[in-house]
Amino acid sequence: MRDKQVLRKKKTPSKDNLKVVKISVGLMRLKDGVLKTVRGTVLPLLMRPESDADELQRAAEQKMKTFDRNLHGGPYVLLYPDGTKITTIPGTEVPFTLNEYKEVVGKAYQRITLYICTAEDFFTSSQETSSESNSSDSEVIIMSPTSAEFNADYTLVWELADGESGTDSAAPIQNSPSVEILQDLMIRNSAMLQTAGCFRHVRSCEEKKMIVEDYLKWYIIHRNNTAIERFKAGLESLQFLTALQQHPTVLTPALCHADVKLSAAEMENLFQPEFSQQGSNRRAQEEKAMSYWADYLLDCEENDSSVTLEEVLMFATGVPCVPPAGMSPLPRLQFLCSTTSTFPMANTCANILKLPLLDTYGAFKANMNFGINNSPGFGCL
């Protein structure tokens, strides 16, 4: 009887071991005593999710040298976006691996960016940081580029909820109850904060105010720098910018929106009626509609209607308030034949509101409310 031969299958690598993911790596250099990112150096890098810090550092260094022959020989240090050396997962004693870091920051791999710098630059920045820390009680920031250093054309990389603006998104940091939560939020939103130039290592909860102020300054001013400069260039025509700078308070009402609530009297004076010939039957109907219109505006002002004055103006002109420079063309009232429509209509391009001719105020008010409430934003029914 022959011995049975046992054939062993050759082991093949598992799918997990073969999987690679794409992250980004960039270069930091010492400038003015702090580590700062070098623009134009960020490159994609394919790595295994389980890669540790040493593997990442070697791969990043090789990638950088391949694309930049003038790169120094090294040695190099692998850094987080805030300029701290990568050894463990932030806030823990867990040794760094790419997949662990991805879980902590809550980002997709392709949105992770890490950096390398020479050991000499890192050592120098660390020495300066320690020296300044010993001479001052204030926190020293390893990497804190100013907002002005960031290109205004960079897009916002903070993931916003639907309908949420960038300024609203600063609220989580501003409301951080502890330094641990603040540090976690800084890591989660490191890409956005780095773009804004206010990503830093924090050691006290009180720093959140400065971070929010820096971010809002970038979001409102520096991010829109190109548009602001173009606006200023337009104002320079006919020396208007000079006049504005010399007399800002005089020109404020013409340029700046004032949040003043509309009144029924203002709305009544704003819309000028176009009547039919005096003495005609239609003129009598139009004058009756005008009295209904005045009563309707008072009901809107006194919250005795399902429609506000701002919604009436929006329906008729496409804007919810009167612009500082006024309206052109001036808003007008026209009147509809009963055979045309018993509901209001509007031409927002010409700022024309067309009122229905009805027999009673109750019917007029009900039809005005229905028409305005059922219009998609503004337009006609």
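**Active-site annotation, a pocket between domains, and aromatic pairs**

The UniProt annotation "active site", taken from an unreviewed entry, covers Cys349; such annotations may be inferred rather than shown by experiment. The model is predicted, so that local features need pLDDT of at least 70 and side-chain atom pairs count only at pLDDT 80 or more, while totals for chains, interfaces and linings use all residues. Residues are numbered from 1 along each chain as its sequence is written, and side-chain values use heavy atoms, with hydrogens and water left out.

Cys349 lies in the loop between β8 (345–347) and β9 (352–355), where strands (E, at least two residues) and helices (H or I, at least four) are DSSP runs numbered from the N terminus. At 71% relative accessibility, Cys349 counts as exposed, a term that stands for over 50% relative accessible area, with buried meaning under 20% and partly exposed in between (1.4 Å probe, protein chains only).

The second largest pocket has a volume of about 440 Å³. A pocket here is an open set of points on a 1 Å grid over the protein atoms alone, where a 1.4 Å probe fits, with protein on both sides within 12 Å along at least five of seven lines, and lining residues have an atom within 4 Å of a point; the volume is the space filled by probe spheres set on the points. Of the 22 residues that line this second largest pocket, Asp82, Pro90, Gly91, Ile187 and His201 are the closest to its centre. Domain 1 (21–126) and domain 2 (145–256) both contribute to the lining, so the pocket lies between them, the bounds coming from an automatic or database domain assignment. Helices α3 (98–105) and α6 (179–188) each supply at least two lining residues, and α6 gives the most, with five.

A pair of aromatic rings is described by the distance of the centres and the angle of the planes. Rings of Phe, Tyr and Trp (its six-membered ring) pair if their centres lie within 6.5 Å, and planes under 30 degrees apart count as stacked, over 60 as edge-to-face and the rest as tilted. By this rule the count comes to twelve aromatic pairs. The rings of Phe96 and Tyr101, with centres 5.7 Å apart and planes at 45 degrees, form a tilted pair, and both residues are buried.

Tyr292 and Phe364 are also a tilted pair, at 5.7 Å centre to centre and 50 degrees between the planes. Because Tyr292 lies in helix α13 (residues 281–301) and Phe364 in helix α15 (residues 361–373), this pair ties together parts that are 72 residues apart in sequence. Tyr292 is buried, with a relative accessible area of 10%, and Phe364 counts as buried at 0%. Tyr292, Tyr296, Tyr361 and Phe364 form one aromatic cluster.
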